[in-house]
Amino acid sequence: MVEFTPWPEALADRYRELGYWIGRPLHHAVTRQAQERPKAIAVICGDRRIDYGELHRASSALAARLQAAGLRPGDTALVQLPNVAEFYMVFTALMKAGIVPLNALFTHRRTELSAYAEQIRPRLLIAAREHELFRDDRFAKELRRFSPDMLTLFHGELDTGHSLQHWLAGPVPQGFDETPTCPDSVAFFQLSGGSTGTPKLIPRTHDDYDYSIRESAAICGLTPETRYLCAMPAPHNYLMSSPGALGVFHAGGTVVLAANPDPAPCFDLIRRHRVTMAALVPSAVLLWLEAAERDNSALASLQLVQVGGASFAEATARRVPGTLGCTLQQVFGMAEGLVNYTRLDDPAERIFTTQGRPISPDDEVRVIGPDGHDLPDGKAGLLAVRGPYTFRGYYRSPEHNARSFDADGFYFTGDIVERTADGYLRVVGRVKDQINRGGEKIAAEEIEHLLQRHPAVHAAALVAMGDARLGERSCAFIVARDNIKAADLRRHLIAQGIAEYKLPDRVRFIEQMPLTPVGKTDKVRLREMLMREDIACA
Ligand code: J2J
């Protein structure tokens, strides 16, 4: 079984007694819907409509074949698929077989996928031929160095032996049984936005994740009539569980897949499929608002737009109900656990001015000041949390865990928040060394390490700079040994294979890195330099 840091026994018992952890595996919702309403549509993907019966059958067929191929409960899988129905079929199949996936984002490339494979040593790789790394078999073979007997299946493959679609097709073999899953074991790895050199993995258990999904579905008012537009990366925690596709499956509704949040194709999908809700990041909302100001006639069915993942300006929030013609819900969540929502019946002012309150009455939220003491409401401090769906440790990262948790198991989120008198949170800043580029998180250290591999780079520091559209973009400050150009560094990073959103938006060469009194890079100074320039430019 995949190891993880468990909750202390007493807390685990309490979460069970309170009915939070109910011992159900994550595929339970699909199995139940397939029994009760097999013809209800679970997923719309292009011209395909996949009903619950089909989602159940396809996932059982794949699970059975994986078992027959020798995969066992507790084995791990590296999965990288675009926004296609097969993503949910695979996820459900792996839950049924007790196989523990890590769902990489489709934008991830060589550096990220290698780091994941190195950590989990997957017995199974599921990837897409349309991804540049998997057009031929070279990279899949390279990944074998971490896991020599890795089985590989490709989405979009013609050769039936390795074709994912082929493994999903056909009847479920007689006698197939879903593996009796241990619900307090790890169901899958979620990805951390991170702030360190290597991407950190978050083990999520069936019990804890299922609780957050059930409650999220209730808070967001999901029903079998819900038609949920998933126009951002399907594996992201927000799109999976807040309430995400798994929340929709729990309620028996329909997930409508889009490749990205571009307004034109999304508005078309909303009109065609009478979409009732969508989950967006702030930068996408800006695009939707612009488009809807010209013409919002496609949005008549839309009842709820969720906005989360990055800081959302109050002035923009105020435009949402009028322009998109629906209710706004702010969501402040994290793959590590804690998720906050404004409630659907909250007064408008609260929805415009806060990022919501926690899912659970047993989310223990602390706002901590510089002296380590809890702060009164209204004062900004570090957000720390523990609770029934907040993890207790990153996978195999004892040193990082020692820094991220206190002795009582509170996780330090790296966010700066203030709490209102009625328990709602406002996100006002961040201490973690991360850039939030329109909801996509970049760990500064990861890129700094890659930049420093260039022989001409003496020192590198990545900081956020404000951006009207994305909220933040990244700027790399470089102290160079030799004469190099920004384009050389860009080529260097591309050659190492990182997701494109992590490439610095700007590169600034400086003579010397400003340092703090203890000799660390002074990022406050670097940010100030950027701000002064902004003023000079304006
Ligand atoms: C400001 N910052 C926010 C918000 C997240 C639901 C929604 C989002 C995520 C997510 C998620 C923010 N305002 N409304 O997992 O289930 C920043 C914070 C936070 C970090 C987490 C979900 N909503 N953030 O964004 O793991 O800094 O999860 O700690 O990608 O995003 O990032 P991530």
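Visitor: Is Arg396 buried, exposed or partly exposed?

Guide: Arg396 counts as partly exposed, because it has 14 C-beta neighbours inside 10 Å. A residue needs 20 or more to be called buried, and 12 or fewer to be called exposed. Keep in mind that this is a predicted model.

Visitor: Where is Arg396 in the chain?

Guide: Arg396 lies in the loop between β17 and α15, the latter covering residues 398–404. Its phi is positive, about 45 degrees, although it is not a glycine.

Visitor: Let's zoom out. How many helices and strands does the protein chain have?

Guide: There are 18 helices and 24 strands in the protein chain. The chain is divided into domain 1 (27–35 + 50–182), domain 2 (227–430) and domain 3 (434–537).

Visitor: What percentage of the residues is buried?

Guide: Buried residues make up 53% of the 538. As for contacts, take those between residues at least 6 apart in sequence: 69% of them join residues at least 24 apart.

Visitor: Back to the domains. How far apart are the centres of domain 2 and domain 3?

Guide: The centres of domain 2 and domain 3 are 27 Å apart, taken over C-alpha atoms. Their contact takes 8 residues from domain 2 and 7 residues from domain 3.

Visitor: Which helix gives the most on the domain 2 side?

Guide: Helix α12, residues 282–294, gives the most to that side, with 3 residues. The domain 2 side as a whole divides into 4 nonpolar, 3 polar and 1 charged.

Visitor: Pick a residue in α12. What is Trp288 in contact with?

Guide: Trp288, which is found in helix α12, is in contact with Pro263, Leu280 and Leu324, leaving aside neighbours within four places in sequence. Trp288 is buried, because 25 other C-beta atoms lie within 10 Å. Trp288 and Val320 are 32 residues apart in sequence, and their C-alpha atoms are 9.3 Å apart in space.

Visitor: Now α3. What span should it have?

Guide: At 1.5 Å a residue, the 17 residues of α3 (residues 52–68) should span 24 Å. The end C-alpha atoms of α3 are 24 Å apart, which agrees. Helix α3 is mostly covered, with 15 of its 17 residues buried. Just after α3, Gly70 takes a positive phi of about 100 degrees.

Visitor: How many residues of α4 are buried?

Guide: 13 of the 13 residues of α4 are buried, so α4 is largely enclosed by the rest of the structure. Its 13 residues (85–97) should span 18 Å, and its end C-alpha atoms are 19 Å apart, which agrees. Just after α4 comes Gly98, with a positive phi of about 75 degrees.

Visitor: Last one. Which residues does the cis peptide bond join?

Guide: The cis peptide bond joins Ser242 and Pro243, with omega about -10 degrees. Pro243 is in the loop between α9 and α10 (244–251). For background, most peptide bonds are trans.

Key: Residues numbered from 1 in each chain as written. Predicted model: local features only at pLDDT ≥ 70, side-chain atom pairs only at ≥ 80, totals over all residues. Domains from an automatic or database assignment. Contact = placed C-beta atoms within 7 Å. Helix = DSSP H or I, 4+ residues; strand = E, 2+ residues; numbered from the N terminus. Nonpolar A, V, L, I, M, F, W, Y, C, P; charged D, E, K, R; others polar. Expected span 1.5 Å × (residues − 1).
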